[in-house]
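Here is a short report on the fold of one protein chain. Keep the sequence and the 3D view open while reading.

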Amino acid sequence: MPTPVRTLALSPRATATGHALAAAARRRGLGCASLRQWRAPERPHTIGSLYAGPLFADAVADGLGLGLLEPPMDWLATLPYELTGRHIECTTVARARTLRRPAFVKPPNDKGFPARVYPDGSGLPGPDAVDDDTPVLVSDIVSFTAEYRLFVLDGEIVTGSRYAVRGELDVVRLERDPLQEEVLGFASQLFAPGAPPLPSAVVVDVGTVDGRWAVVEANHGWASGQYACDSDAVLDVVLRAACPAAEVRPRDTRFLRQVTRAVR
């Protein structure tokens, strides 16, 4: 009996990255299916990966038998100032509500509330909207001049793209950007021996602040937009970042996403 073709599952929300990944999957002989409901299909046996936003992924991953890799919630806060260019604290939203100064506040791995500059903690969602113990990152306010997205597999940057200049969308493939070598040189420090660990498949954003390189954030490999990145290389990252739970590599088990909240 022939081995069933593995399928890449997509969320109901159509995106440019989803279309590009579907085409890349089909080029290498994989199946591709857009899921229509917020639950796993009754027979998901051939589905081997997923590209979707966190809420949808939480709704279907267990039913699909997938393990989802994500960066540690406090990863950005564990980096030295020399790599971030700003002071960053990983705390709870309850503590962040007591802030009496402007700060940039964001949920580490989700979109539970808007990531933006808050004049003080009083502007954050209340306990009726967000649980007090929800983790958040609180950082100094900085303005990135240019920002780049890097897809990483086993510590190697496999493709990249500039995506913004001075806060405005400005997309170009990394190979065509004059700062390519600087981007790669800076980002390589994030995967050097002794650096705070990340999953084997992950997305990292970096940029420049006042002429210095700094880390923007780390993101899920299975949920990040590709901008001008190479679709085939992005697919390689997605296939590892969201794979059958039984195939998650031992060094990646500590990075498995835990679904703890109710989903629709």
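How many residues does the largest nonpolar core have, and which of them make the most contacts inside it? This is a predicted model. Its largest nonpolar core has 33 residues. Those with the most contacts inside the core are Leu-8, Leu-21, Leu-35, Leu-50, Val-60 and Leu-64. Helix 2 gives the most, with 6 residues.

Take Leu-21 as an example. Leaving aside residues up to four places away in sequence, Leu-21 touches Leu-8, Tyr-51, Ser-231, Val-234, Leu-235 and Val-238. Another core lies apart from the largest one and has 22 residues. Among them are Leu-79, Phe-186, Val-202 and Ala-218.

**Helix 2**

Is helix 2 mostly covered or mostly open? Helix 2 is mostly covered, with 8 of its 11 residues buried. The buried residues are Pro-54, Phe-56, Ala-57, Asp-58, Ala-59, Val-60, Ala-61 and Leu-64. Of these, Val-60 and Leu-64 are also among the residues with the most contacts inside the largest core. The cover over the buried residues of helix 2 includes strand 1, strand 3 and strand 4. Just after helix 2 comes Gly-65, with a positive phi of about 75 degrees.

Strand 5 and strand 8 (residues 135-139) run antiparallel and are joined by 5 bridges. Within this pair, Cys-90 stands opposite Leu-137 in strand 8.

**The second largest pocket**

What lines the second largest pocket? The table gives its main features.

| Feature of the second largest pocket | Value |
|---|---|
| Space | About 190 Å³ |
| Lining | 13 residues |
| Share from helix 7 | 3 residues |

Of the lining residues, Arg-6, Gly-48, Leu-239, Cys-243 and Glu-247 lie nearest the pocket centre. Strand 1, strand 3, helix 7 and strand 14 (242-244) each supply at least two lining residues. The largest share comes from helix 7.

Technical notes: Residues are numbered from 1 along each chain as its sequence is written. This is a predicted model: local features need pLDDT of at least 70, side-chain atom pairs count only at pLDDT 80 or more; totals for chains, interfaces and linings use all residues. Side-chain values use heavy atoms; hydrogens and water are left out. A nonpolar core is a set of buried Ala, Val, Leu, Ile, Met, Phe, Trp, Tyr and Cys residues joined through side-chain atoms within 4.5 Å. Buried means under 20% relative accessible area, exposed over 50%, partly exposed in between (1.4 Å probe, protein chains only). Helices (H or I, at least four residues) and strands (E, at least two) are DSSP runs, numbered from the N terminus. Contact means heavy atoms within 4.5 Å. Two strands pair if DSSP finds at least two bridges between them. On a 1 Å grid over the protein atoms alone, a cavity is a set of points where a 1.4 Å probe fits but cannot get out, and a pocket is an open set with protein on both sides within 12 Å along at least five of seven lines; lining residues have an atom within 4 Å of a point. Grid points are joined across faces, edges and corners, and a volume is the space filled by probe spheres set on the points.
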